[in-house]
Amino acid sequence: MISVLFAVLTAISNGSASVLQRRAAATAPDSQSLSLALIGHLLRQRVWLAGIGLVIVAAVCQAVALATGPIAVVQPIFVIELPMTLLIASYVFRSALPRTAWYGVAAVTVGLAVGLGSAAPTGGSETVAGLSWVPALVITGIFEALLIAAARRTRKNARAALLGLAAACAYALTAALLKDAVARLEGGAGLTAFFTSWQLYATAVAGLGALFLLQNALQAGSLVASQPMLTLGDALISITYGVTLFGESVRTGWWLLPELLAVALITAGCLELARSPLAGGASPPKPRAR
């Protein structure tokens, strides 16, 4: 229950941060795409800095969630970040969500419940054994390079989708590294083992890379293009890391049918929710005076 609670808190913080970051990134010119100039532009935006503050809060909550639960359980819960964000934005802007948005909230929520219930992730170790990180890092690096290369050849929403998937992969890697690092706190060496583990510093590098890719995805196109790739990519790649690196298990066989249904529901829900002006970081239009 602790891992689920902190995973939900992470989703709320991350979802709100994405909206704030999208609002700031949308003001950057196209010429700054995939360059450090984009980060320089964003550092001057108070809205973006507020989003970074929420990212830090999310990182702390995520560390607690991963330390107390399997990665294949914790990471998929993050698909609720967009519905949570819309509900919060609706309250802040005092604007009721349209009926279609509520359908999106329901689709994501039901999809998550069906997906976790069908997959039923269990077991696994707290740390990664031996040299298992080597092939995982090599494959991840190749996958990221291919996505970024393809993104550089495209524009607008196509680039946003590719970079959103690249960011998702980086965030999933960050979570796996963080889980491996945090597990060392429980050993005899405690803090010494934690701060001397290479996984901790690799987590920082992967996290910064994920943040950079996310800003470029948000700057390149709409949330409708980037958010589903980010949300589903993070969940599915995290499950892959959980199974291959930590030895966690998920149901297969005929259970794949409801699992695919869950993916379809979450995708449809995210697409619907990402169309909302609130998801794009904009306040709803003011009603006309009569």
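Some ground rules. The model is predicted, so local features need pLDDT of at least 70, side-chain atom pairs count only at pLDDT 80 or more, and totals for chains, interfaces and linings use all residues. Residues are numbered from 1 along each chain as its sequence is written, and side-chain values use heavy atoms, with hydrogens and water left out.

Rings to begin with. A pair of aromatic rings is described by the distance of the centres and the angle of the planes. Rings of Phe, Tyr and Trp (its six-membered ring) pair if their centres lie within 6.5 Å; planes under 30 degrees apart are stacked, over 60 edge-to-face, the rest tilted. How many aromatic pairs does a search of the whole structure find? It finds 3. One of them joins Phe194 and Phe195. That pair is edge-to-face, with 5.0 Å between centres and 75 degrees between planes. Is Phe194 buried or exposed? Buried, because its relative accessible area is 13%, and buried means under 20%, exposed over 50%, partly exposed in between (1.4 Å probe, protein chains only). Phe195 has 46% relative accessibility, so Phe195 counts as partly exposed.

Now the tryptophans. Trp254 and Trp255 are stacked, 4.4 Å centre to centre, with 25 degrees between the planes. Trp254 is exposed at 59% relative accessible area. Trp255 is partly exposed at 25%.

Trp255 also meets a charge. The charged end of Arg251 sits over the Trp255 ring, 4.0 Å from its centre. The cut-offs: NZ of Lys or CZ of Arg within 6 Å of the ring centre and within 35 degrees of the ring normal. Lys179 does likewise over the ring of Phe246, with its charged end 5.9 Å from the centre.

On to the core. A nonpolar core is a set of buried Ala, Val, Leu, Ile, Met, Phe, Trp, Tyr and Cys residues joined through side-chain atoms within 4.5 Å. The largest has 67 residues. Among those with the most contacts inside it are Trp133 and Leu245. Helix α8, residues 156-182, gives the largest share, 15 residues. Helices here are DSSP runs (H or I, at least four residues), numbered from the N terminus.

Leu245 contacts Val128, Ser132, Trp133 and Ala136, leaving aside neighbours within four places in sequence. Contact means heavy atoms within 4.5 Å.

Last, Ala206. It lies in helix α10, residues 198-220. Ala206 has 11% relative accessibility, so it counts as buried. Which residues does Ala206 touch, not counting those up to four places away in sequence? Ala170, Leu173, Thr174 and Leu177.

Note on methods: Helix = DSSP H or I, 4+ residues; strand = E, 2+ residues; numbered from the N terminus.
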